[in-house]
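Subject: The structure I promised you

Hi,

Here is the structure we talked about, for you to open and turn around on your screen. My notes on what turned up in it follow below.

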Amino acid sequence: MCLSLQLDRRGRSCPALLLLLLLSSPPPTQGAISIPKDYKVQNMMQPPVLTELPESYTAFTVEDISLACEATGIPTPRFRWVKDGEELLLEDQSSGTFTANGQEPLSSYQGNYRCYASNTLGTAMTHTVQLITEATPTLPKQRRGRKTAIEGASIILHCNPPHSSTPPRIHWMDRKLNHIGQSERVTTGLDGNLYFANLLREDSRDDYTCNAHYIGARTILPKEPISLLVTHSNEVLGSRKPHLLRPSGQHSSRMALRGHILLLECIPQGLPTPMVQWRKKDGDLADTGAREENYGRWLRFDSLTQEDDGEYECVCSNTAGSEKHSYTVTVEAAPYWVKQPQSLQYSPGETVRLDCQAEGIPTPNITWSINGVPITAVDPEPRRRVWGGVLILRDVEYADTAIYQCEASNTHGSIIINTYIYVIELPPQVLSSDGVVYWVTEGGQISLHCDTFGSPRPHISWESEGMELLLSDPRVSLLTNGTLELTNASREDAGTYTCSLTHTNISITAHLEVLNRTVMLIGPQSERLIRGSECSLDCLFYKDPQLTDIQVVWRKDGRKIMETDKYTTFENGTLRVRSVQSEDGGLYSCEVITRLDKVEARGSITVVAPPDPPRALSLSELQDNTVTLSWTPGHTHNSPTTEFVVEGREEQHSDEGRWEEKARVSGDVGHLELRVLPFSTYRFRVTGVNELGRSVPSEPSDSYSTSPAVPGRNPDKVRSESTDPGTLLIMWDEMPPREYNGPGFQYKVSWRQAGGRGPHWSHAYTPRPPMLVNDSGVFTPWEIKVQAVNSLGEARELAVAHKGHSGEDVPLGYPTRLKVQVQNSTARVSWEAISTEQTRGLLTGYRIYLTWIKHGRHRRALERREGVWGGRGGGQERVLEDRRVLEVNASKTEEDIPGLKLYSLYELSITAVNSKGEGPHTPTQSFNTPEGAPGPPSSLQFESPSETELSLHWRPPLQPNGILTGYLLEYHPLESQESPQQMEFFDDPSVTHFLLKGLDPHRHYLFSVFARTAAGRGLPLQLEGATLLDGAPPSNISMVAGDTSVNLSWVPGDRQRNHAFHFLYLRKTAGGEWEESEQVNSTQGSYLLMGLQPGTQYRLLITHDNHTHWEDEIQTAGPELSEVLEGFATQGWFIGLISALVLLVLLLLVLCFIKRSRGGKYAVKDKEEGQLDSEARPMKDEAFGEYRSLESDVDEKRSASPSLGADSKLPSDDSLAEYGDSVDIQFNEDGSFIGQYSGRGPVPHGNESSGPASPENPAPPPPLAPSLSAILNMPT
C-alpha cells in the first residue's frame, strides 16, 4: 500500500497523515540478539564500521588535499574512492584516507568524492563531499587611496578583498598594527568596509589599512593604506537625520539554515551618532536566540531554530529623526535524523525492521542502498519490503548479512547512515554457574537461573528430584530467559534441580535450601510523648540462625532515619529518640532486612506540648468603657487548649510595664470583652493553656488609648498621722496614675475642727499626700476628707469625712496611788490611771522600772564571792545589781512581777507612755522579799589521802537566798541500795571541808552536799567518787627504740596514787655498768630514756620492795659505734683541741658584741637610732637570733642592710640558741657579760613529743655538742 503525503507550503508533512502512517506501520524489529560477555566465542567476524568521515572543504595547495576515511571490521576492511561517479585507482587500499600524489595539477582534484569500506560481510559508504580547489588569494597592484571630507560628514573606507570560497576576516589597523578603535560612530561592516557615521577632526590619519585574513589559505593580505583628511567647515555643524549606509532600501530578506549562524546588519550615518534598536515585529525578541553585537549594529543568531523565523526591524534614531529597515528571515533546514536504525545481530529466521526517519525543509527524500548499491539496482527479493524510511526483511538468512545505507537529501544537502544486518549462527552455551546453592525463606519467592545463549536461541528443560512434573505445579513458572521461578516456597521444595539444553548433553544443577522466615515479635507501638522527653521504640524479631547478615532500617514517614545525636539504634533493634520535638511526630516503621526476606512493623509518635501562642490579636472600638479583644488560637500540639489567660498592661501611667491578669476564658472561646479606664493606653496579650502547661505569651496587641474623664473614685484610707504638737498631718493612700482619668490630676483636702463649731470647711489642693495644717493644737480632734479632681472636674462620688487628731506631746503626769504586795518571789503592783488631759495624746501603755538593791547585813559574803566591794561602814549602803523594765498595756492598772530574788531589797517606779515618749516617774517605792531556801553549793571536790579516807571540799552557793546557817552532807555506797544514808550536819557556815574515814576501798560512793538557811535546806550538789589505792611501778611497759633513746610507755591505774621509781639500764657490751634514770612518776604514762649508744643491746629493769618488779631487753637503732672511734673520742688531746676551738669561737663572738655596741656594722640589723639609751641595756633572749656565723658576717658586710624597729627580730641560721640551752645574757656597754645562764630551756618547736616514740614520730637524738652553759663552765 502506498500513501501519498500532502506537504504544506513549507514542505512539512501533515500531522494527520503521519499519525495514519505510524498506525498502519508493521510491528517493530524483533529477534535481535546481543552476545553476552560471558559467552565464549573466538575469531568472530564483524562488518565494517566507519570511524572517520571526510568533510567538504577548500584546498589552496596540493599539500592541503586530505580526505579522511577509516573503518573497523573483521576481516580488515578495504577502501575505494569514487570521484564524480568514477572509481579512483588507489595504490594502498588498507587505509581509506585520500591524499594527492603531487603530480597532478591542483585543479584536477576538484570534484565530489565518496569513500567505500568493504569486507566479506558487507560494504559501508560515506556521504558525498565536495573538494574545491583554488589558488592562494593575492592582491593586484594598487594605488594608495586618499580621501578628504569635512567634519561631521559620513564616509566609507572600502576594503574589497580578493574573492574566495572561504570569506576572509577583516581587520582595520594602522601602520603599527594597532586596531582602529570601534564604536557606535566607527564600525566595520559585514562586507569589510569601515563606516564612519560622522567624522571628527581626530579621524584624520594616513594609515587606515585593511588586513584580510584567509584562515584556510593561512594568508593575511594587507591592502595599501588609505589617507583620510578631515577638514574644518566654516558652516555651523547642525543635526543630521539618520540614514542607513548598509543595507540599502527599506526591506531585505534572508534565508538561513537551521543550526547555522545568521547576522543581520544596520549601519547608520547621522549627526549626532544614531542609536540602533532591534525588535521582532511578529513576536518578542527575548524569546529568540538573538543578541546584539558590534555596538548594536549587528543582530546575531548563533544557532538558528524554527522559532527564529519571522520579521525583524532595526530602528536608527538621533535628535534629528529616525530611519527603519526590516528583515524577513526564512529558516530552512538541511536533512537531520529523527530516528536512526541500529546495527544488530540476528538469528536465522527472525524478522528485521529498519526505521530511518529524517526531517528538513524542504522535506528530504529517503533512498536505500545495500552494500553501496542502490536498492533499485539490486535483484528483487520477496522477503524484503521498502516503505519510505522503513525496510522490513522477513525470515532472514545468513546470506542477508549486509550493510544497508539510508540516505536523506533535499536542496540543502544530504545525510547517510550505515546499518548492518548480521545474521549469525552460534553454538548453544549455558552461561549460569553450575552447583549454585539458593536460599529462600518459607513462603518466599526464588528464581533458579539458567542463562543460555546461542543462535538460534536454545531450548531448555528443568527437572527436580522429588517432582516428576515440575511445571504442572502452579507455583512454578519458566521464564523466557530460562529462569525457573518458584513462589510460596515450603520445606518440601528443598533439593536439587537440573537445567538441561534440549538435544545436547549440556546441563547444570542448582541446590535449593528453605529457611525459616523472619518474624517480627514486638514492633513499635503508638506513643504519646511530652515534648523534650525521650522515647524508645521496640523492634524485636526472630530470624533463621543461618542468616547472618541482617539490617534494621528505621523510617519516619517513609524516609530512612540516619544515626545522629537525636536517633540511636541499639543492637537489639530498639530506636531511641532523644529530646522529642513536635517535628519528630509521625509514622515510624521498623524494617528488618535479610538477604532473603524482610519484615516490617509500624508505630507512631504523637508529640504533645504546651500550645503555641495565640496570634492575630485585634481590638474593637470602645463602647461603654469596654473593648472586645479577639485572637486566633495557636497550634495545640495534639493536646486541646483548655483555657486562655488574657493579660493587660497600662503603658501611659506605668513605668514598670508589668503585665496583669485580666481574665481566663474557656479554650473554645476566641474573644473577650475587657473594661478599660479613661485616659489610658493599653496593650493586651493572650496565653494558651492545655494539660501540658502554658504557652509563651502572644505578641502584644496594638496599643489602644482611651479618652479622658473625671476621676471615678476618691482616695482610700484618709487618716491623720500627726507627729508634732500644733500640727495636723492629713494622710491618705495615693491613687495609681491609671485612675487619674485625665490631665491635671490633684487632691482637694478639706478639714474642720470637730465638736460642732459650725459647717465651715477649709480647703487646699495638692498633687500628692500628705497635707500639713499648722496651729491645730495638741491632740485636738478634727474632721478631714479628701476628694480626687482633674481638669475635667471632681470625682462623681462624694468625699466621706473621717476623724483625726493633731500632733501629740509627752505626758505631763504619772500614775497615782502606787501599791506593792509581795508574796514569796512575786510582787503585785497596782496604780490609778493617768487622766486624758495629762496624757496629751493616745496612751499606749505604762512602764514599770524595778531595781534590785542588796542588803548590807549579808553583803560581806556576797562581796567575797562575787568580787563587788562597796564603801566603808555599815547601814543601808546600796549597790546597784539588777534592773528590769516591764511594758504594760494601757488598759491595765495592776501587774504581777514574778521571779524576784529572795531576801532582797527592791525599788519600783512607773511612767505613762504615748507615741511621743514617756512622762515623769512616780516617787520611788521600796519593798523587801522574804528569806528562802538557798541554791546548791557552787563546787564539790575530793582528795584521797589513804585507801579508807576521803577529804571533801565545797564552796558556798552562788544564791544563798538568806543567811546561811550551815551545811548537810549525805553519802551512801552506790553498789548497795539497802545501805543506810549517812549524814553529817555542819552548823557553822564557814566550814567547807570534811574528812571521811573508814570507807570501803572497794566501793564507790554518792556524796550530796546541801546549804541551809532559816527557811530550810536547798538543792544538793552531788558527786560520785571512791578512795585511791596505794600506787606501784608499772609492769606492762611498751618500748620503741631510737638511735640514742628508748621510748617507754604504760597505762596508769585509774584509782592508784602516784608512785615514784627509777629505770635501771645496762649496756650489754664489754665494760658496761648499771646506770639509773631520773625519778619517774607512775602517773606519767611514758618516759624517754636518752643518752644511749646506737646499735647497742640494753637490759632494763624496775625494782620494788627490793625485788625485780619488771625486766626486759631492747637494742637501739642505727649502726654500732666501733671501738676505734670510741677510743679516739676519749683521747685527752682531742678533748683539749675541741675546748680550744670552742673558746676561740666564744672570743670571736665577744669581739663582735663589743664592736656592735660601739656602733660598728655587723651582719645583723641595727636597732633604730634614738630608741635605746646609750647606757648599758639588757638584751632579750631573742637578740641572739640576730647574730650569725662568721661566714654570714663576711657576706652581709658586703651590703648594708636597713635597720629594723625596736621590736623586730630576725632569725639566725647559726645562733647560740642552737646549742640547746635557753640563754639569758646581758652585756655592759663594753660588751662584757653580766647575769647568769639559765637551765635547760624548752624543746624547740617541732620536736615536742606528745606520746611514745614511733617511726613517724621518732625520739629526738641526743645533742651532738654540749650545752652552752656546760661549755662556759668548763675549767680552763
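Before anything else, a word on naming: helices (H or I, at least four residues) and strands (E, at least two) are DSSP runs, and they are numbered from the N terminus. Residues are numbered from 1 along each chain as its sequence is written. This is a predicted model, so local features need pLDDT of at least 70 and side-chain atom pairs count only at pLDDT 80 or more, while totals for chains, interfaces and linings use all residues; side-chain values use heavy atoms, leaving out hydrogens and water.

**How confident is the model?**

pLDDT is the predictor's confidence in each residue, on a scale from 0 to 100. For the protein chain the mean pLDDT is 82, and 84% of the residues reach 70 or more. Two stretches need some care. Over residues 1–29 the pLDDT stays under 50, and the model has 37 contacts (heavy atoms within 4.5 Å) for them beyond four places in sequence. Residues 1160–1276 also have a pLDDT below 50, with 147 contacts in the model beyond near neighbours in sequence.

**The whole chain**

How many helices and strands does the protein chain have? There are seven helices and 99 strands. Of its 1276 residues, 40% are buried. For that word, the cut-offs are relative accessible area under 20% for buried, over 50% for exposed, and in between for partly exposed (1.4 Å probe, protein chains only). The chain exposes about 71,000 Å², and carbon and sulfur atoms supply 50% of that; the areas come from the Shrake-Rupley method with a 1.4 Å probe, and for residues only the protein chains shown count as cover. Among contacts with a separation of 6 or more, 66% are between residues 24 or more positions apart.

Next, have a look at an open sheet whose four strands come in the order 39-46-45-42, with mixed pairing. Two strands pair if DSSP finds at least two bridges between them. Which strands are at the edges? They are strand 39 (436–441) and strand 42 (460–464), each of which pairs on one side only. On average, neighbouring strands here are turned by 25 degrees against each other, direction ignored. (Axes are lines fitted to C-alpha atoms, for helices over the stretch in contact, and angles run from 0 to 180 degrees between N-to-C directions.) Strand 39 pairs with strand 46 (residues 507–515) in the parallel sense over six bridges, and V440 stands opposite V514 in strand 46.

**A hairpin**

For an antiparallel case, go to strand 73 (residues 816–823) and strand 74 (residues 826–832), which are joined by six bridges. T816 has E832 in strand 74 as its bridge partner. Two residues sit between the strands of this hairpin, and N824 takes a positive phi near 55 degrees there.

Most residues other than glycine have a negative phi, and most peptide bonds are trans. Here are some exceptions to look up:

- I74 and P75 are joined by a cis peptide bond with omega about 0 degrees; P75 is in the loop between strand 5 (70–74) and strand 6 (78–83).
- The peptide bond from L271 to P272 is cis too, with omega near -5 degrees, and P272 lies in the loop between strand 23 (267–271) and strand 24 (275–280).
- A616, not a glycine, has a positive phi of about 55 degrees. A616 is in strand 57 (residues 615–619) and counts as exposed because its relative accessibility is 54%.
- F779 has a positive phi as well, near 50 degrees. F779 is in the loop between strand 69 (771–774) and strand 70 (781–790); its relative accessible area is 23%, so F779 is partly exposed.

The side chain of R353 makes a polar contact with the side chain of D355 at 2.8 Å. (A polar contact is a pair of N or O atoms within 3.5 Å; within protein, one must be able to donate a hydrogen and the other to accept it, and residues adjacent in sequence count only if both atoms are side-chain atoms.)

A663 lies in strand 60 (residues 660–666) and is partly exposed, with a relative accessible area of 21%. Leaving out residues up to four places away in sequence, A663 touches F644, V645, V646 and L672. A663 and F644 are 19 residues apart along the chain, and their C-alpha atoms are separated by 8.4 Å.
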